[in-house]
Structure formats: structure tokens, C-alpha cells
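Here is a short briefing to read alongside the model. Please keep the 3D view open as you go.

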Amino acid sequence: MSLLEVRNLTVTYGTGGSAVPAVRGVDLTLAPGTKLGVAGESGCGKSTMALAMLRLLPPTARLTGEILLDGEDVLAMKWGRLRAVRWAGASIVFQGAMHSLNAVQRIGDQIAEPLLVHGRATPAAARERVGALLEQVGLPVSRAQAYPHELSGGQRQRVMIAMALACDPRLIVADEPTTALDVMIQAQILRLIERLVADEDISLLMISHDLAVLAETCDRLAVMYAGRVVEEGPAREVYEAAQHPYGRALSSAFPRIGDPASRRAPRGLPGDPPDPADLPAGCSFHPRCPVAVEECGERDQELRAAGAERRAACVHVGSTS
């Protein structure tokens with residue numbers, strides 16, 4: 001049984017009487033103890049989907065479909081049940097720890113809060129648990145008395161991870177957890193996440209712009225464009241040999257270590273993602289696609305088999321021409 005199963009998830013935002021689609025019919029599954037990466041440019045719906053997992057979107061968002069966590073639909077949960085699931089069943093590591101932490105509350109109190117709210121520990125036991133969590137993420141126990149502004153960016157991100165682990169959830173959603181960190185600290189945080197997920201047998205849904213990071217960290221990879229999943233498969237295979245032209249463009253945008261040609265002339269992708277309020281007809285990617293044909297502008301493409309345990313939404317997938 002899947003730990004997480006997303007079925008035909010749609011998210012639309014109401015703006016001035018019109019409905020703007022941010023996520024359009026997404027289907028994903030995540031097995032217990034596995035890691036799924038989600039990649040795509042800004043505005044493709046990654047973070048909206050992540051926040052939808054725990055119903056953290058604003059009131060202007062309308063959600064349809066199903067988000068099954070251990071077989072229970074998050075979208076159908078009453079408030080009391082949803083409150084019990086957050087942090088304990090599934091937790092989230094937000095991008096931008098400085099904006100997510102309470103600036104006037106000590107770090108230790110913030111980590112202890114989910115433990116106390118969920119009745120997982122007495123105040124004394126919570127303090128002990130906070131110390132153990134800080135050590136687990138590589139911070140000295142003394143940092144529990146610090147305020148967020150007294151920590152570096154990497155240290156604040158470690159605090160966010162400690163908070164996510166506090167109530168022993170089975171799923172962690174990491175929404176670009178290394179944003180704005182330098183490359184050395186980014187590598188440390190990614191190694192920390194990998195180690196903790198393995199040690200604690202936690203499932204991970206990780207969002208990033210960087211396919212290379214996801215290929216190294218995750219078992220499977222889903223590529224999103226204009227609110228839809230356009231490719232999915234084993235992470236390393238999607239990164240090295242994407243079947244969808246958008247996946248290939250994302251992969252080639254990053255220079256490869258040991259490949260002088262890609263380092264001197266990394267390839268990009270011209271243009272910008274479409275405005276969600278004004279999506280083009282047919283396949284949303286076709287105005288930027290280097291291999292688009294007439295059919296691409298006439299009808300959208302559904303995900304179809306693109307190899308063993310792989311799917312891609314492209315007219316050329318499975319083509320004999």
C-alpha cells in the first residue's frame with residue numbers, strides 16, 4: 001500500500017471572479033520509505049502541490065481530487081483530524097527558514113511546540129527531546145536558547161528539519177530546503193536529509209529546481225510544467241535521459257562535472273513558462289518546444305509509457321517516426 005497517493009489533484013485560485021489553475025490533474029504515488037523528487041521552473045505548481053498535501057493553502061484556493069495519506073483523504077479530513085495529522089503523520093520543511101521561524105521565540109521552544117501540542121511529551125521530556133533533535137541535525141544543545149537571527153542560514157534550516165522530525169512523522173515534504181544556501185552548506189543539508197530519512201525510515205517528497213540534486217537524493221523524479229506532471233520515472237534515468245523535451249531542457253541547463261563542453265556552454269530554454277491564467281491551446285509546452293509538431297498545438301498530451309516504470313506526456317514518446 002502506498003503511503004501517499006495523489007489522485008487527479010487540481011488547485012485553482014480565485015482572483016477577481018476568475019479561477020486561475022495552479023495544479024491541473026496531478027497523479028503521484030509514494031511508497032513507504034522511498035523518496036520522490038518534484039522538479040520544474042518557478043510557477044509550475046510545485047510548492048502549491050506541496051502545501052496542498054497538508055491543506056496549508058489560503059482560503060482563495062479551491063482543491064479537488066484526493067490526497068490519500070495512509071489511505072485517508074487529507075482533503076476530506078475535519079479540522080481536528082487534520083490538526084492531529086500535521087507534524088505527527090506528515091510534516092513540512094518550508095523554503096526560507098528565516099521567514100518560517102518565529103523571530104521572537106527561542107529555537108528550543110519552537111521545536112518543542114509540536115511535541116506539546118500533540119501531547120507527545122511533558123515540558124521536561126520535551127526539553128530532553130529538543131536536545132536530542134538538535135544533536136541529530138548537527139547542532140549543539142546550547143543553540144536551543146538562541147533566537148533565529150542568531151543562527152546562520154544553514155543552522156536555521158537544520159532547526160526546520162529538527163522541527164519536522166519532532167513527532168516522528170512517516171512523511172516529510174521538503175519544499176526547496178536548500179534555497180539561498182551556498183553550495184557547501186547545501187551539500188551538508190542534503191546529506192543530512194538523506195541520512196535522517198534512511199535512519200528513521202521516513203518517506204520524502206522533495207521539491208527543487210535542480211534536477212541534479214534530486215537525481216542524487218531521490219529514488220523517483222516527477223517533472224512538472226504549467227501545473228501538470230509531464231514526466232515521471234527513476235530519478236537517475238529521468239535526469240540522464242529525459243523522454244520529454246522539457247525534462248531534457250531542465251537537465252541540460254546544468255553543467256556536468258567532468259564534461260568541459262557543458263561547462264563552457266550550458267544550454268538553456270528560451271522564453272518563460274505560460275501565464276496560468278492564459279494557457280496556450282494543446283500542450284502547454286509547445287510554444288517553447290524545439291520538436292513541436294502541428295498536433296502539439298491542437299490537443300494536450302496525456303502521460304504514456306516511456307520505458308520501464310517511466311511515463312512522459314509527449315507526442316513523440318512511443319512514436320515510430
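Three aromatic pairs turn up in a search of the whole structure; rings of Phe, Tyr and Trp (its six-membered ring) pair if their centres lie within 6.5 Å, with planes under 30 degrees apart counting as stacked, over 60 as edge-to-face and the rest as tilted. This is a predicted model, where local features need pLDDT of at least 70, side-chain atom pairs count only at pLDDT 80 or more, and totals for chains, interfaces and linings use all residues. Residues are numbered from 1 along each chain as its sequence is written, and side-chain values use heavy atoms, leaving out hydrogens and water.

**Aromatic rings**
- One of the pairs is Tyr 225 with Phe 285, edge-to-face at 5.1 Å centre to centre and 80 degrees between the planes.
- Tyr 225 counts as buried because its relative accessibility is 3%, where buried means under 20% relative accessible area, exposed over 50% and partly exposed in between (1.4 Å probe, protein chains only).
- Phe 285 is buried too, at 2% relative accessibility.
- Together with Tyr 246, Tyr 225 and Phe 285 make up one aromatic cluster.

**Strand 6**
- Strand 6 covers residues 90–93, with Ala 90 and Ile 92 pointing one way, Ser 91 and Val 93 the other, and all of them buried; strands (E, at least two residues) and helices (H or I, at least four) are DSSP runs, numbered from the N terminus.
- Strand 6 runs parallel to strand 7 (residues 171–175), joined by four bridges; two strands pair if DSSP finds at least two bridges between them.
- Opposite Val 93 stands Ala 174 in strand 7.
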